[in-house]
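Here is a protein chain to get to know, one piece at a time. Take a look at it first, and then we'll walk through it together.

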Amino acid sequence: MKKLVFLFAMGFAASIAIGQNTASIEQNGDGNTASQDQTGISNNATIVQAGDGITSLFSNDNKASQVQVGSDNAASIEQQEKGENVASQNQDGSSNSATIMQRNPWGSPTVGNQHSQVQSGTGNIAVANAFNGDNSGSQSQDGAENYSLL
């Protein structure tokens, strides 16, 4: 009987761990804000806001937000160097992938970058890359198997 109870408990624990969402936030510098909201199963979200170790340790006033509803979605925001970068991503559905990478080098005379991405459906891929400041972009995907790159 003890073996049966032990096996049931192990099986139950394993089933809970398999469908869990994961989220991580790493920030370096002053005034950064980040939020992540996940509803569903097996979603993965990462936000990294950091200065460049060569030019500065600070990345001031970056803002990042991610919302995931559904299953098996992946979202990543990375903002480096000089601040005032703003990024947001919303995913609703399953197996979507969204990435925003923004860099604004300390020698750049311009302000930060702003990008947003919205995905609704299944198997969509959205990527936004910005280097230097004063870039902005917005992408919206609805349906299945869409791909977009900014």
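## The overall layout

Going from the N terminus onward, the elements of the chain run α-β-β-β-β-β-β-β-β-β-β-β. That comes to one helix and 11 strands. Both kinds of element are DSSP runs numbered from the N terminus: helices are H or I with at least four residues, and strands are E with at least two.

A quick word on where this comes from: it's a predicted model, in which local features need pLDDT of at least 70 and side-chain atom pairs count only at pLDDT 80 or more, while totals for chains, interfaces and linings use all residues. Residues are numbered from 1 along each chain as its sequence is written, and side-chain values use heavy atoms, with hydrogens and water left out.

## The five-stranded sheet

Let's start with an open sheet of five strands, in the order β2-β4-β6-β8-β10, with parallel pairing. Two strands are said to pair if DSSP finds at least two bridges between them. In general, strands of a sheet pair through backbone hydrogen bonds, either parallel or antiparallel.

Which strands stand at the edges? They are β2 (33-41) and β10 (136-144); each has a single partner strand, so one side of each is left without a neighbour in the sheet. From one strand to the next, the twist averages 0°. For angles like this, axes are lines fitted to C-alpha atoms (for helices, over the stretch in contact), and the angles run from 0 to 180 degrees between N-to-C directions.

## Stepping across the bridges

Now walk across this sheet. β2 and β4 pair in the parallel sense over nine bridges, and D37 has V67 in β4 as its bridge partner. V67 in turn is partnered with N90 in β6.

Strand β4 (residues 63-71) and strand β6 (residues 86-94) are also parallel, paired over nine bridges. Here you can find K63 opposite V86 and Q66 opposite Q89. Next, nine bridges join β6 to β8, and these two run parallel as well. In that pair, A87 stands opposite H115.

## A closer look at H115

H115 lies in strand β8 (residues 114-122). Is H115 buried or exposed? It counts as buried, because its relative accessibility is 8% and the label "buried" means under 20% relative accessible area (exposed is over 50%, and partly exposed is in between, using a 1.4 Å probe and protein chains only).

Leaving aside neighbours within four places in sequence, H115 is in contact (heavy atoms within 4.5 Å) with a list of residues including V86, A87, S88, I100, Q102 and A128. A128 is 13 residues away from H115 along the chain, and their C-alpha atoms are separated by 7.3 Å.

## The six-stranded sheet

There is also an open sheet of six strands, in the order β1-β3-β5-β7-β9-β11, again with parallel pairing. Its edge strands are β1 (22-27) and β11, and each pairs on one side only. Neighbouring strands of this sheet are turned by 0° against each other on average, direction ignored.

Within it, A45 has A75 in β5 as its bridge partner.

## Two loop residues

Two residues have a backbone angle to check. D72, found in the loop between β4 and β5, has a positive phi of about 60° although it is not a glycine. D72 is partly exposed, with a relative accessible area of 46%.

E145 lies in the loop between β10 and β11. Phi of E145 is near 60°, a positive value in a residue other than glycine. E145 is exposed, at 63% relative accessible area.

## The surface and the whole chain

I125, Y147 and L149 make a nonpolar surface patch of about 320 Å². L149 sits in strand β11 (residues 147-149) and is exposed, with a relative accessible area of 54%.

Zooming out, the chain has 150 residues, and 33% of them count as buried. The chain exposes about 8100 Å², with carbon and sulfur atoms supplying 58% of it. Accessible areas come from the Shrake-Rupley method with a 1.4 Å probe, and for residues only the protein chains shown count as cover.

Definitions and conventions: Patch = residues over 30% accessible without salt bridge, like charges linked within 9 Å, V, L, I, M, F, W, Y side chains within 5 Å. Salt bridge = Lys/Arg side-chain N within 4 Å of Asp/Glu carboxyl O.
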